[in-house]
2 protein chains.
Amino acid sequence: MLSKKTRYAFRALSYLAENYGKGPILICTISTEKKIPLKFLEGILNELKKANLLESKKGKGGGYFLKISPKKINLATVIRVINGPIALLPCVSLNFYEKCEDCDEEHCGIRKMMTITRDATLKILERKTLHDIIFATV
Amino acid sequence: MLSKKTRYAFRALSYLAENYGKGPILICTISTEKKIPLKFLEGILNELKKANLLESKKGKGGGYFLKISPKKINLATVIRVINGPIALLPCVSLNFYEKCEDCDEEHCGIRKMMTITRDATLKILERKTLHDIIFATV
DNA sequence: TCAATATCCTACCAAATTGGTAGGGGATAT
DNA sequence: ATATCCCCTACCAATTTGGTAGGATATTGA
């Protein structure tokens with residue numbers, strides 16, 4: 001399951017995607033518009049910025065905006081930044097790999113099944129983007 | 001990510017699958033063989049029993065054993081019993097559905113993407129069984 | 001240059017979840 | 001009768017989750 005934080009991230013990003021190219025958007029605008037706790041949202045947007053998905057501008061007329069086109073931000077990237085691994089087991093994760101204790105990975109049947117599952121999931125999450133989210137909305 | 005408990009469940013079930021048809025297996029045998037904390041394992045096996053995947057026998061010569069063939073126990077079932085929902089959002093879950101607050105599900109783009117993801121994941125997890133786990137081990 | 005605006009940073013907090021442990025009760029085969 | 005083995009309840013520490021509070025820092029415009 002995705003954390004509430006990740007769901008907030010998606011909602012904030014959708015809003016920024018809808019307003020792509022219109023200049024900086026205030027945190028508090030996103031907060032009230034998408035009903036996300038202000039200070040909590042602050043942290044989320046900051047993380048997304050550090051992950052190079054967002055750009056920010058301080059001072060009057062400032063705010064947040066997408067650094068790249070909504071078509072270039074896929075769902076897997078967002079989930080990895082805010083939620084963490086996509087694979088169901090650490091020993092199967094591409095970006096958050098951790099070795100299994102007491103298990104010969106080469107011959108582990110559980111691992112094999114989870115690898116197949118991960119590939120099927122990633123095939124979707126890496127192909128779908130913020131653009132798909134906002135244009136599926138109709 | 002699957003919890004450690006779920007991983008224990010899979011390892012215990014694999015062991016029982018390998019010994020399918022050989023009568024009851026002691027908790028403590030599974031515990032030492034698969035390196036799972038005894039008392040913790042007790043609870044796991046009990047839950048799997050309540051979910052009708054296992055059968056148990058009390059007293060001397062007792063133990064646990066699979067209630068049905070390893071070919072008939074798919075991975076999605078196990079995950080749902082021990083870990084919970086498979087979908088990435090509650091509003092997309094088939095077995096643990098919860099309504100979204102503040103979101104028109106019919107027109108929610110995030111939901112649409114997560115539904116597609118869920119279907120891709122389930123297609124694998126519902127098709128693969130304990131039998132596939134133990135025979136992928138070679 | 002100064003004040004207003006807005007992001008950024010650090011610290012804190014309560015509640016829930018996770019990964020266990022402890023200890024005894026109850027059923028059953030011999 | 002008793003040794004064996006599953007079953008049940010309660011407890012516990014560590015981590016994660018979902019926030020809040022308050023100020024530091026950067027930018028703009030008057």
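How many nonpolar, polar and charged residues does the surface near DNA strand D have? Point 4 takes this up.

1. Basis. This is a predicted model, in which local features need pLDDT of at least 70, side-chain atom pairs count only at pLDDT 80 or more, and totals for chains, interfaces and linings use all residues. Residues are numbered from 1 along each chain as its sequence is written, while chains are lettered from A and ligands numbered from 1 in the order in which they are written.

2. Chain contact. Chain A and chain B each put 29 residues into the contact; residues touch if their C-beta atoms, placed from the backbone, lie within 7 Å. On the side of chain A, α1 (4-18), α5 (109-125) and α6 (130-135) give two or more residues. Helices (H or I, at least four residues) and strands (E, at least two) are DSSP runs, numbered from the N terminus. The largest share, 11 residues, comes from α5(A). By class, this side has 16 nonpolar, six polar and seven charged residues. Ala, Val, Leu, Ile, Met, Phe, Trp, Tyr, Cys and Pro count as nonpolar, Asp, Glu, Lys and Arg as charged, and the others, Gly among them, as polar.

3. DNA strand D. The surface has five nonpolar, eight polar and nine charged residues. At least two residues each come from α1 and α3 (38-50) of chain A, and from α3 (38-50) and β2 (63-66) of chain B. α3(B) gives the most, with three residues.

4. Helix pair in chain B. α2(B) (residues 27-34) packs on α3(B) at an angle of about 120 degrees, their axes 9 Å apart. Axes are lines fitted to C-alpha atoms, for helices over the stretch in contact, and angles run from 0 to 180 degrees between N-to-C directions. In α2(B), I27(B), C28(B), I30(B) and S31(B) meet L38(B), L41(B), E42(B) and L45(B) of α3(B). These contact residues divide into six nonpolar, one polar and one charged.

Notes: Contact = placed C-beta atoms within 7 Å.
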